[in-house]
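Reader: I'd like to go through this one with you, with some attention to its side-chain contacts. Could you start with whatever term we will need along the way?

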Amino acid sequence: MQQALPLPRPPGARAASARPGRPLPQRVGLCLGLLLLALGAPAARAQAPWPEVALPAQAQSYGVGQQLGINGLPMRLTGFATEAAPEQTAAWFRRTLGQPLVENRLGRKQILGRAEGGYYLTVQIEPGSDGRGSRGMVAVTQLPSAPQPQTRETVAHWRRLLPAGTQVTSHLQTQDNGRFATHLVALNRHGEQLNAQRLGAALREQGYVLERSITTDTTAGLSEQAAGLTLLFRGPGKEAMATITRDAQGQTSIVLLTSIQLESLP
């Protein structure tokens, strides 16, 4: 569905990453694609200072754009290259990006993402073009409008819909460009299938239909932290995507993004 971000290479380097950079892409990686699905492309607003994503100590970084606009969203991009293998690089970002973390793979590209305040952080990693080390891209995308803080009623509503013991850690709402969008993050200790069943039932009551279910596991090259489910839903004038992952400690993360055309709201 979404395409991964083609990675430009650092200019002037003699290593395999020395080839000229490619033109800036018009689409972003899967995690950022989830964000665009939910939030559309409205104009930027004043928000908190841009967060910075730390790179591994031995990584060489190169600027791609201090302030860009891709699909209408303000974005900052930084490329990097390191001698560490892709899985080692991904493990470093898993430790440092924070939780909950959404992870997916598109071809040879490993993509990690999470929301932080009014921004969405995406890290894309792939093998170096000579088969050694890894190279990647960090994207920090500004959400289109100041999110409305989660209300006690909304949190209670989702806790009733999801399995017992669920904690809703984040619930953001935006309204812009003719669309109403939500971003929900929840944690519990139930399995992926039970969470998928309860979430699917809740979305069916809201008029969504499950279009596709994608299962990922360690046999597909993903780490234990990344194994889980991605669910795609659609309804009249609306769409939703959910990612459900379970870590080695038995904690399950549910990330739900929905987007509704305002004229479709009752």
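Author: Let me begin with burial: a residue counts as buried when its relative accessible area is under 20%, as exposed when it is over 50%, and as partly exposed in between. Please keep in mind as well that this is a predicted model.

Reader: Fine, then take strand 6: how many of its residues are buried?

Author: Strand 6, which covers residues 134–142, is mostly covered, with nine of its nine residues buried.

Reader: And which residues point which way from strand 6?

Author: Ser134, Gly136, Val138, Val140 and Gln142 point one way, while Arg135, Met137, Ala139 and Thr141 point the other way, and all of them are buried. In a regular strand the side chains alternate between the two faces of the sheet.

Reader: What does strand 5 do with strand 6?

Author: Strand 5 (residues 119–127) runs antiparallel to strand 6, and nine bridges join the two. They form a hairpin with six residues between them, and in the turn Gly131 has a positive phi of about 85°.

Reader: Which residue in strand 6 is the bridge partner of Glu126?

Author: The bridge partner of Glu126 is Arg135. These two residues also form a salt bridge, in which the closest N and O atoms are 3.6 Å apart, and both Arg135 and Glu126 are buried.

Reader: On to salt bridges in general, then: how many are found in the whole structure?

Author: A search of the whole structure finds six salt bridges. Side chains of opposite charge can pair when their charged atoms come close.

Reader: Which residues are linked in a network of salt bridges?

Author: Glu87, Arg94 and Glu103 are linked in such a network. Arg94, which lies in helix 2 (residues 86–97), meets Glu87 in a salt bridge at 2.9 Å, N to O, and forms another with Glu103, where the closest N and O atoms are 2.8 Å apart.

Reader: Are Arg94 and Glu87 buried or partly exposed?

Author: Arg94 has a relative accessible area of 11% and therefore counts as buried, whereas Glu87, with a relative accessible area of 34%, is partly exposed.

Reader: What is the geometry of the Trp92 and Phe93 rings?

Author: The ring centres of Trp92 and Phe93 are 5.2 Å apart and the planes are at 90°, so this pair is edge-to-face. Phe80, Trp92 and Phe93 form one aromatic cluster, in which Phe80 counts as buried because its relative accessibility is 0%, and Phe93 counts as buried because its relative accessibility is 0%.

Reader: Last one: what lies over the face of Tyr208?

Author: Lys238 lies over the face of Tyr208, at 4.8 Å from the ring centre.

Technical notes: Residues numbered from 1 in each chain as written. Predicted model: local features only at pLDDT ≥ 70, side-chain atom pairs only at ≥ 80, totals over all residues. Heavy atoms only, no water. Helix = DSSP H or I, 4+ residues; strand = E, 2+ residues; numbered from the N terminus. Salt bridge = Lys/Arg side-chain N within 4 Å of Asp/Glu carboxyl O. Buried < 20%, exposed > 50% of the residue type's maximum accessible area, 1.4 Å probe, protein only. Phe/Tyr/Trp six-rings, centres within 6.5 Å; stacked < 30°, edge-to-face > 60°. Lys NZ or Arg CZ within 6 Å of the ring centre and 35° of its normal. Pairing = 2+ DSSP bridges.
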